[in-house]
Amino acid sequence: MLTSAVTFATDPLATDATEVDVEQARAAAAGDTRAFEQLYRRHVGKVHGVIVRLVGGHGARAEDLTQETFVRVWRALPEFRFESALSTWLHRMAVNTALMELRSRRAGPRWEEEVDGDDAAMLDPREQGPALRMDLERAIGTLPPRARAVLVLHDVEGWKHEEISASLGMAVGSSKAQLHRARQLLRVRLEAHQ
């Protein structure tokens with residue numbers, strides 16, 4: 001009886017994802033490409049998802065940024081200190097990669113000007129069903145880049161305005177104004193599809 005309990009506890013299928021991530025990350029940091037491939041396969045969907053939301057659903061651009069994120073992860077993995085969950089670190093790498101892309105595009109077409117106003121409540125897509133979730137994703141993809149980035153970072157990722165302003169190089173008030181603007185634009189676009 002004790003033997004089966006010990007066997008079950010050491011069974012890789014029984015260990016939780018965090019432990020598997022740690023084992024595979026350590027192996028990948030030592031150069032094990034198969035371990036890195038397994039990490040990639042397990043996390044690519046979430047990484048791609050956050051990038052798509054930040055860059056606006058541009059397929060090829062999001063794919064490129066997803067690949068760039070994992071190239072950066074491969075290079076940085078030996079320095080990863082395991083002070084946070086690997087999934088948290090990967091998520092942050094994805095956000096930083098997308099934000100660097102958004103900042104680099106600032107030299108091209110200007111980011112939209114700030115809009116003053118109060119924050120307005122946004123529809124909760126979890127309460128509205130799959131059709132609204134799909135419409136919401138599409139509507140987020142059509143937002144101006146700066147407003148979209150603020151909305152995703154604040155409402156989806158849970159960042160505070162101070163963190164957003166530091167990452168995007170804008171004032172806290174600008175972050176709040178862009179969030180308000182994004183919510184207003186989303187409301188208009190979602191109402192147009194009803």
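In which helix is the place of threonine 69? Threonine 69 has its place in helix H4, helices being DSSP runs of H or I with at least four residues, and strands DSSP runs of E with at least two, numbered from the N terminus. The structure is a predicted model, in which local features require a pLDDT of at least 70 and side-chain atom pairs are counted only at pLDDT 80 or more, whereas totals for chains, interfaces and linings use all residues. Residues are numbered from 1 along each chain as its sequence is written, and side-chain values use heavy atoms, with hydrogens and water left out.

At the level of the whole chain, nine helices and zero strands are assigned, and the order along the sequence follows the pattern α-α-α-α-α-α-α-α-α. Of the 194 residues, 38% count as buried, where buried denotes a relative accessible area under 20%, exposed one over 50%, and partly exposed a value in between, computed with a 1.4 Å probe on protein chains only. The chain exposes about 11,300 Å², of which carbon and sulfur atoms supply 54%; these accessible areas come from the Shrake-Rupley method with a 1.4 Å probe, and for residues only the protein chains shown count as cover. Among the contacts between residues at least 6 apart in sequence, 65% join residues at least 24 apart, a contact being defined by heavy atoms within 4.5 Å.

Threonine 69 in helix H4 counts as buried, because its relative accessibility is 0%. When neighbours within four places in sequence are left aside, threonine 69 is in contact with Val47, Ile51, Leu90, Met93, Ala94 and Thr97. Tryptophan 74 also has its place in helix H4, but this residue is partly exposed, with a relative accessible area of 33%. Leaving aside neighbours within four places in sequence, the contacts of tryptophan 74 are Ala28, Gly31, Asp32, Thr33 and Phe36. The C-alpha atoms of tryptophan 74 and alanine 28 are separated by 7.8 Å, although the two residues lie 46 residues apart along the chain.

Alanine 27 lies in helix H2 and is partly exposed, with a relative accessible area of 25%. Residues up to four places away in sequence not being counted, alanine 27 touches Asp32 and Ala35. Its C-alpha atom is separated by 9.9 Å from that of leucine 77, which lies 50 residues away along the chain.

Helix H2 (residues 17–29) packs with helix H3 (residues 33–55) at an angle of about 135°, the axes being 8 Å apart; axes are lines fitted to C-alpha atoms, for helices over the stretch in contact, and angles run from 0 to 180 degrees between N-to-C directions. H2 and H3 are therefore oblique to each other, since angles under 35 degrees count as roughly parallel, over 145 as roughly antiparallel, 65 to 115 as roughly perpendicular and the rest as oblique. In this contact, Val20, Asp21, Gln24, Ala25, Ala27 and Ala28 of H2 meet Ala35, Phe36, Gln38, Leu39, Arg42 and His43 of H3. By class, the contact of H2 with H3 contains seven nonpolar, three polar and two charged residues, with Ala, Val, Leu, Ile, Met, Phe, Trp, Tyr, Cys and Pro taken as nonpolar, Asp, Glu, Lys and Arg as charged, and the others, Gly among them, as polar.

Helix H9 (residues 172–192) packs with helix H7 (residues 145–156) at an angle of about 95°, with the axes 8 Å apart, which makes H7 roughly perpendicular to H9. On the H7 side, Arg146, Ala147, Val150, Leu151, His154 and Asp155 meet Ser175, Gln178, Leu179, Ala182, Arg183 and Leu186 in H9, and the residues of this contact divide into six nonpolar, three polar and three charged. The axes of helix H8 (residues 161–168) and H9 come within 8 Å and cross at roughly 105°, so that H8 is roughly perpendicular to H9. Here His161, Glu162, Ile164 and Ser165 in H8 meet Val172, Ser175, Lys176 and Leu179 in H9, and the residues of the contact divide into three nonpolar, three polar and two charged.

Among the loop residues, phenylalanine 82 lies between helix H4 (59–76) and helix H5 (86–104). Phenylalanine 82 has a positive phi of about 60° although it is not a glycine, and its relative accessible area of 24% makes it partly exposed.
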